Amino acid sequence: MRLRFYLLIMDSITVDGVQIFLSKPTELEMDWIGQDDVLEQLLAAWATIDEADLPMCPRILGQPGSGKTTLAYAAAKKSNKDVYIFQCTADTRPEDLIITPVMGSKQEIRYHASGLVTAMITGGACILDEGNRMPEKSWASLAPLLDKRRYVESILAGVQIKAHPDFRICVTMNQDASVFDIPDYIGSRLQPKIHVSYPSRENEIAILQYNIPFAPKEIVDYVVDFLQKAHGQDAAYSVRDGVNIARFMLKLSAREDQPLPKDKFSTYFRMAVTKILDDDAIDILDGKRPRPKFTFPQGFANQVLKINDFIDDLDDDSSDDDEDDDSIAGDKDRDGKKKKK
Ligand SMILES: Nc1ncnc2c1ncn2[C@@H]1O[C@H](COP(=O)(O)OP(=O)(O)O)[C@@H](O)[C@H]1O
Ligand SMILES: [Mg+2]
């Protein structure tokens with residue numbers, strides 16, 4: 001208990017003589033409703049059953065808006081941990097994940113630990129959110145953390161940081177075309193795979209009521225009817241879409257005299273569905289099967305990146321040729337290679 005108090009007031013630690021400033025945990029109102037099985041799987045993966053046992057590093061998979069981040073956050077809070085959510089993007093660099101140097105007010109360099117490293121130091125939980133938005137090279141720095149070595153190395157600060165025994169990590173991943181395939185050696189460390197699927201009608205009603213407690217039951221029922229029809233057709237409309245439809249519909253109808261006449265109710269509901277989703281969603285609402293859509297396969301982003309690299313290489317080659325014509329000595333380094341500008 002005393003140790004925990006000490007950690008909470010601490011905003012920096014010294015590792016191998018280097019002072020490292022810590023990040024703040026994320027505090028949110030987020031409970032997990034229904035689907036106890038996935039919560040149990042995540043808690044089991046994080047548990048240790050023997051002194052020689054280690055926690056696992058699960059990945060949570062599902063469609064965007066299906067509740068992955070909510071599940072991870074709720075599991076970490078249920079384990080009484082501070083939670084650090086690290087949002088992964090296509091621009092995340094290896095050092096962003098670990099320690100970043102920042103210029104201090106006296107022109108000195110201060111080393112700032114990411115949420116991930118702060119969780120490692122303080123024994124918190126880190127959610128690497130939307131991990132497969134991150135390109136392959138950023139994953140490499142995490143390989144030793146995700147196996148029994150449980151450490152990361154910061155090249156910039158020149159330190160190695162070992163994870164506290166209470167540290168836990170999980171990665172959420174969307175299953176759509178906007179993401180990268182993760183490399184196999186990382187995939188084999190991010191186990192088990194926990195799939196968040198569409199909730200049952202009963203759970204979906206409870207989730208909507210929890211997220212929009214002021215929504216009349218009639219609106220919640222209307223939205224859940226629509227969502228359940230969509231799930232039945234495997235249309236990628238999620239709980240988040242349902243929450244947004246209900247909220248927008250409530251805002252639109254709040255501008256009218258109450259109670260809302262029946263015909264207006266339906267008009268605003270259809271308007272909210274088309275504005276939040278698309279015209280195809282109306283087909284589902286009307287009980288029609290939507291037109292089949294072309295979707296890019298998962299991992300498509302990798303292919304785009306490879307093509308971009310290829311085009312960049314071609315551009316580099318041709319601009320090198322151009323430069324050779326009127327070569328400017330100052331633009332080349334000692335090996336005769338073109339300097340990066
Ligand atoms: N089982 C659930 N319990 C509580 N809220 C949920 C649940 N599933 C989805 N939600 C709600 O749906 C929305 C999207 O959830 P989120 O976790 O952000 O999805 P994802 O990370 O999969 O994109 C949030 O408003 C969240 O509160
Ligand atoms: Mg998320």
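Strand 1 and strand 2 (residues 18–21) run antiparallel and are joined by four bridges, where two strands are said to pair if DSSP finds at least two bridges between them.

Residues are numbered from 1 along each chain as its sequence is written, while chains are lettered from A and ligands numbered from 1 in the order in which they are written. Because the model is predicted, local features need pLDDT of at least 70 and side-chain atom pairs count only at pLDDT 80 or more, whereas totals for chains, interfaces and linings use all residues.

The open sheet consists of four strands in the order 1-2-6-5, and its pairing is mixed. Strand 1 (12–15) and strand 5 are the edge strands, each of them pairing on one side only. From one strand to the next the twist averages 40 degrees, with axes taken as lines fitted to C-alpha atoms, for helices over the stretch in contact, and angles running from 0 to 180 degrees between N-to-C directions.

Five bridges pair strand 5 (residues 99–103) with strand 6 (residues 109–113) in the antiparallel sense, and Met103 has Ile109 in strand 6 as its bridge partner. The hairpin of strand 5 and strand 6 has five residues between the strands, and in this hairpin Gln107 takes a positive phi near 60 degrees.

## Packing of helices 9 and 10

Helix 9 (residues 217–232) packs against helix 10 (residues 239–253) at an angle of about 140 degrees, the axes lying 10 Å apart. The two helices are therefore oblique to each other, since angles under 35 degrees count as roughly parallel, over 145 as roughly antiparallel, 65 to 115 as roughly perpendicular and the rest as oblique.

Ile219, Val220, Val223, Val224 and Leu227 of helix 9 meet Gly242, Ile245, Ala246, Met249 and Leu250 of helix 10, contact requiring C-beta atoms, placed from the backbone, within 7 Å. The residues of this contact divide into nine nonpolar, one polar and no charged (Ala, Val, Leu, Ile, Met, Phe, Trp, Tyr, Cys and Pro count as nonpolar, Asp, Glu, Lys and Arg as charged, and the others, Gly among them, as polar).

Definitions and conventions
Two residues are in contact if their C-beta atoms, placed from the backbone, lie within 7 Å.
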